[in-house]
Amino acid sequence: AAATDAQQAASGQERIRSHAPPSLAVQPDKKPAEEMMVKLSDAARRISRSQSVQQFEGLVALQTPLRPAYNEAAVTDPLNTRLLAPQKALVALGVAEKKFTGAELVEALIQAGLVVRVRDRLSARERWRRALKPAIKLGAAAADPWREHEIHKLHTELCTRWDYIAASDEWVRSETMLKMQLEPFAKGAMRECYRMKKMSQVTASFFWRMDWQHCNNYVAKRYIKPEVTPDTYFADVKMQMVAKRYSKLYNALQPPKQVDFLQAFVIELRRNGRVLHFCVEKYVTGEYVKHNNNAGHLDFDGAHRATPHAFSRFTFEASLGKLMIVDIQGVDDIFTDPQIHSADGEGYGDGNLGVGGMALFFSTSHYDELCEALGLRKFALSDRERLRILA
C-alpha cells in the first residue's frame, strides 16, 4: 500500500510538471522544505483553467487530485478552486495540524513567502497602451501641434490596416477610419509625408463619440514614384517592427538608455478608383537626428551618441550574424525608418547591402565603453583597420 501511495504521489507530481512552464515546475525533494510550495507568478496565468490553474482573491491557486504527499487546505472560492499545499510546506510553517479558514491560510502562506501575490490580469487594451507608452509620452503635447490645420474637419475615409507581428512572422488585417490631408507637408528624395488622424482602435469612447479632435496625430508616408509596388510598403513596415522586437531584446540588457521604435503599419485605401498604400506611424515632436546610415556613415549633424551604434552592433550579435539594423534615426531614443542588412542579402528592400553593408558599419564603428559594459563581442579587425577607426 505504501508503494502504491508513493507511486500515486509521484504521478501527481509529474502531472503538475507536465502542465506547468519551467518556472512553475515542482521542486525536487532535495530542496529545502520552504521551497516545496510552488511560487506562482504571472506566468501561471498562461496556463488554461483546464490545466489546473484558476484565480482566487488575487492569487493563482494550484489544483491537483489529492495525493498522500499533500494536505488539502480548506480554501474554496466561488469557482470551487482548491488551494493545495504540500505537507512539507505546511510543516515548515509549523502549522500542519492547525485548521485554517481560507483567508487565514492564504495570509500565512504569503507571509512565509511560499505563495506570492500576482498582479491583476491586464486586458489586451491595457497591454497595448503600456507597449505604446514611451511613444505616446513623447508624442504628447500640451496642445495639438497640428491644431491650426483642423484635420478633424476633413473628409473621413474607410481603410484597411495591416500590422506585422514579428514574433510569428504574420500580417494581421483590420479596418479603421482616418482623416488625411491631400497635400504633403514634407517631401524627401523618395517619399512625401501627409498629416493624418486615425480613429482610435483602443479607446472605445473616441469611436462612439467620433471624437476626431482628440485622436492622435500620425504621419502617412508615400513613395513619390508611382511605379513603387505595395510590397515595398510592407517591407518597410516589416523592417521597423523587426527592429522594434530587437529593441526589446536590447533593453533586456538594462543599458543606461533604453531604445524603442515607433509602431508602424500599412494603410490601404481606395481613392478616386485607385488603391493607395501608405506607411503610417505616430507623429512625435522634438529634434530629429540621424545617427548612422546603411553605408557605414556615422554621427550625422556632428552629434555622436554611443547608444544608437551599440544597438546596431547588438543586433548583429543577437541574430548570430544573420542581420544588422542600421540607418538609426529619430527623436531622442525613439527611432524610425531603419534599414536591415541580411547575411544572405535577401528581403528588406533595396537598401539591404548584405554582408557588405555589415562590413561598412564595422569599418567605421567604435567599440566603446558601452559596448564593453553590455558584454558585446569585438568584431575581428586587422591592426591597420583598428588604428584607422580610432584615428
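Me: In which sense do β9 and β12 pair, and over how many bridges?
Reply: In this predicted model, local features need pLDDT of at least 70 and side-chain atom pairs count only at pLDDT 80 or more, while totals for chains, interfaces and linings use all residues. Residues are numbered from 1 along each chain as its sequence is written, and side-chain values use heavy atoms, with hydrogens and water left out. Strands are DSSP runs of E with at least two residues, numbered from the N terminus, and two of them pair if DSSP finds at least two bridges between them. A220 has V280 as its bridge partner in β12, and β9 and β12 pair in the antiparallel sense, over 4 bridges.

Me: Which residue stands opposite K221 of β9?
Reply: β9 also pairs with β8 in the antiparallel sense, over 7 bridges. The residue standing opposite K221 is C193.

Me: How many residues of β9 are buried?
Reply: Buried means under 20% relative accessible area (1.4 Å probe, protein chains only). N217, V219, K221 and Y223 point one way from β9, and Y218, A220 and R222 the other way, all of them buried. The count for β9 is therefore 7 of 7.

Me: Is Q339 buried or exposed?
Reply: Q339 is placed in strand β17, residues 339-342. A polar atom of the Q339 side chain lies 2.9 Å from the backbone oxygen of Y348. Because its relative accessible area is 8%, Q339 is buried.

Notes. Buried means under 20% relative accessible area, exposed over 50%, partly exposed in between (1.4 Å probe, protein chains only). A polar contact is a pair of N or O atoms within 3.5 Å; within protein, one must be able to donate a hydrogen and the other to accept it, and residues adjacent in sequence count only if both atoms are side-chain atoms.
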